[in-house]
Amino acid sequence: MDLKKNSQEKFNQLRKQAEELMMGRAVNHASVGFEDPLRLIHELQTFQIELELQNEELNQSREELILSRTSYVELYDQVPVGYVSLSPQGIVLKANLTFAGMLSKDRSQLIDHPLSAHILFKDQDIYYLHLRNLSDEKTPRVCELHMQRKDGTVFDARLESKVHWMKAKDQSNT
């Protein structure tokens, strides 16, 4: 309800702005012989100004959104914690730079590949049980296992996971 009210208020504000700007423009009333065409011209010019104002506002919002997104991506990539988004089958959909660095890999080498490829064989059962429990219970879950870097060195990892629902797709963040 508030959104509808805010939209109407925004429309009224833009309309008022357009009317004020319209008053500043000269219109040759002598060239128009009838009252209705004059009103029509006035309305069309007002709508044109409204559209120009809306376009300006949209461009400003777009710029703000780009800045916000850039800031978010930088924050996501630079946090000191590895983040990864998985499909329900455990395929890496997204990963931040920290996570890729933990595995000594480029991010592109992780995307569309199973996370299990980086988990020691002896911990595979722990990992798959973790995924199953996560999708069954829909509550945050934690497990500890060993992962392997590109050069073969092993490190301890603590997976803190929860399910996120995204546009008709199940995805879990680990």
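E160 is exposed, because its relative accessibility is 51% and the exposed class begins over 50%. In this predicted model, E160 forms a salt bridge with R158. The closest N and O atoms of that pair are 2.9 Å apart. R158 also forms a salt bridge with E144, with the closest N and O atoms 3.3 Å apart. E144 lies in strand β3 (residues 141–148) and R158 in strand β4 (residues 154–166), so this pair ties together parts that are 14 residues apart in sequence. E144 has 54% relative accessibility and therefore counts as exposed. Through shared partners, the salt bridges join E144, R158 and E160 into one network.

A further salt bridge links E63 and R62. Here the closest N and O atoms are 3.7 Å apart, which falls inside the 4 Å cut-off. E63 is partly exposed, because its relative accessibility is 43%. R62 has 48% relative accessibility, so R62 also counts as partly exposed. Side chains of opposite charge can pair when their charged atoms come close.

The surface also carries a nonpolar patch. L40, L44 and F47 make this patch, which covers about 300 Å². L44 is found in helix α2, which spans residues 35–78. With a relative accessibility of 52%, L44 counts as exposed.

Methods: Residues are numbered from 1 along each chain as its sequence is written. This is a predicted model: local features need pLDDT of at least 70, side-chain atom pairs count only at pLDDT 80 or more; totals for chains, interfaces and linings use all residues. Side-chain values use heavy atoms; hydrogens and water are left out. Patches are made of residues with over 30% relative accessible area and no salt bridge: like charges are joined within 9 Å, nonpolar side chains (Val, Leu, Ile, Met, Phe, Trp, Tyr) within 5 Å. Accessible areas come from the Shrake-Rupley method with a 1.4 Å probe; for residues, only the protein chains shown count as cover. A salt bridge is a side-chain nitrogen of Lys or Arg within 4 Å of a carboxyl oxygen of Asp or Glu. Helices (H or I, at least four residues) and strands (E, at least two) are DSSP runs, numbered from the N terminus. Buried means under 20% relative accessible area, exposed over 50%, partly exposed in between (1.4 Å probe, protein chains only).
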